[in-house]
Structures are given as C-alpha cells and as structure tokens.
Amino acid sequence: MIRSGKPEINGIGAIREVIQGPFTYQEQVIDFKENEHIHYQIIQGAPVNEHGGWIKFKSINATQSKIHYHITFSPKIKGTGWLIKLQIQNFLKQALANVIQHSEDMWSSTTTVNAYSRNTTLKKDIPTKARIK
C-alpha cells in the first residue's frame with residue numbers, strides 16, 4: 001500500500017503497488033463501496049496506455065458470492081494486446097484461486113461453519129470455480 005484510501009484502507013484514493021510477473025505497477029482506486037464494488041485504474045508502470053478495472057461483488061447466499069470483473073486496456077505496443085490479455089487472465093486466475101483458498105480456510109475455521117455443515121451444506125459441496133470471460 002502506497003497510500004490509504006477513504007473511508008477504508010482500500011477505499012477511494014488508495015494507491016496500491018502490484019507485482020505481476022516482470023511488471024510492478026501502481027493502481028489507484030477511483031470508486032469504492034464496501035461489499036459491493038471497486039473501480040480502479042492503473043496510473044504507473046504497466047505496459048498499457050490505459051487500463052481500468054471494475055469489480056462487482058454480489059452475495060448469492062450465506063456461503064457463496066459472485067464476482068464480476070471487467071477490465072479494459074490499450075497496449076503501449078501495437079499487436080501485444082493478446083499477450084497482455086493472457087498475462088492478466090493468468091494473474092486473475094491465480095488471484096481468484098488465492099481468494100477462494102483464503103475464504104475456505106477462514107470459513108472452515110469458524111464455528112458458524114459447523115452449524116451450516118450439520119444442517120444443510122458441507123464444505124465439499126460448495127462450488128469453488130473461478131471463471132474469466
């Protein structure tokens with residue numbers, strides 16, 4: 001974290017440093033609503049002229065959420081967009097896998113989980129797919 005945002009640490013105005021493969025870049029949060037959405041733009045260091053990302057979170061039920069992630073960019077070097085897209089997809093797949101694993105670890109370590117698994121759903125029954133369009 002280079003600069004904290006408001007009202008949350010990752011809120012509006014936050015500037016974060018991200019390391020993705022050979023690139024280290026900075027992104028700034030330009031819109032944020034906790035548990036709903038975050039909109040950011042890359043401001044320095046990436047091989048793109050413009051890059052914006054918008055992530056929307058939606059609770060499906062007590063144990064599932066849907067993440068809609070939309071990214072737009074234009075490459076600095078013409079003809080490299082496919083390569084940047086591939087790199088972004090791989091980065092996001094790994095990041096989402098990490099989020100899923102962290103969430104499952106946190107979920108399985110709470111006493112609330114035991115109540116759910118006794119009554120309706122076992123942890124193994126919860127889908128953990130990450131999909132990128």
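Modeller: A residue is called buried when its relative accessible area is under 20%, exposed when that area is over 50%, and partly exposed in between (1.4 Å probe, protein chains only). This is a predicted model, in which local features need pLDDT of at least 70 and side-chain atom pairs pLDDT 80 or more, while totals for chains, interfaces and linings use all residues. Residues are numbered from 1 along each chain as its sequence is written, and side-chain values use heavy atoms, without hydrogens or water.

Biologist: Is Gln 28 buried or exposed, then?

Modeller: Gln 28 counts as buried because its relative accessible area is 18%. This residue belongs to strand β2. Contact means heavy atoms within 4.5 Å; leaving out residues up to four places away in sequence, Gln 28 touches Arg 3, Gly 13, Ala 14, Ile 15, His 39, Tyr 40, Gln 41 and Ile 43. Across the chain, 25% of the 133 residues count as buried.

Biologist: Which bridges should I look for on screen?

Modeller: Between β2 (residues 23-33) and β3 (residues 37-44) there are 7, and Phe 32 has Ile 38 in β3 as its bridge partner. β3 is joined to β4 (residues 48-61) by 5 bridges, with Tyr 40 partnered by Gly 53 in β4. Then 12 bridges link β4 to β5, where Val 48 stands opposite Pro 75.

Biologist: What sits in the turns?

Modeller: The hairpin of β2 and β3 has 3 residues between its strands, and Asn 35 there takes a positive phi near 60°. The hairpin of β3 and β4 also has 3 residues between its strands; Gly 45 in that turn has a positive phi of about 95°.

Biologist: Which residues make up the largest nonpolar core?

Modeller: Such a core is a set of buried Ala, Val, Leu, Ile, Met, Phe, Trp, Tyr and Cys residues joined through side-chain atoms within 4.5 Å. The largest one has 8 residues: Val 18, Tyr 25, Ile 42, Ala 46, Val 48, Ile 84, Ile 88 and Leu 92. Helix α1 (residues 81-108) supplies the largest share of this core, 3 residues. Apart from that core lies another, of 6 residues, including Val 29, Phe 32, Ile 38 and Tyr 40.

Biologist: Which residues of α1 are buried?

Modeller: They are Gly 81, Ile 84, Ile 88, Leu 92, Leu 96, Glu 104 and Trp 107.

Biologist: And how can I check the length of α1?

Modeller: The expected span is 1.5 Å times one less than the number of residues. For the 28 residues of α1 that should be 40 Å, and the end C-alpha atoms are 40 Å apart, which agrees.

Methods. Helices (H or I, at least four residues) and strands (E, at least two) are DSSP runs, numbered from the N terminus. Two strands pair if DSSP finds at least two bridges between them.
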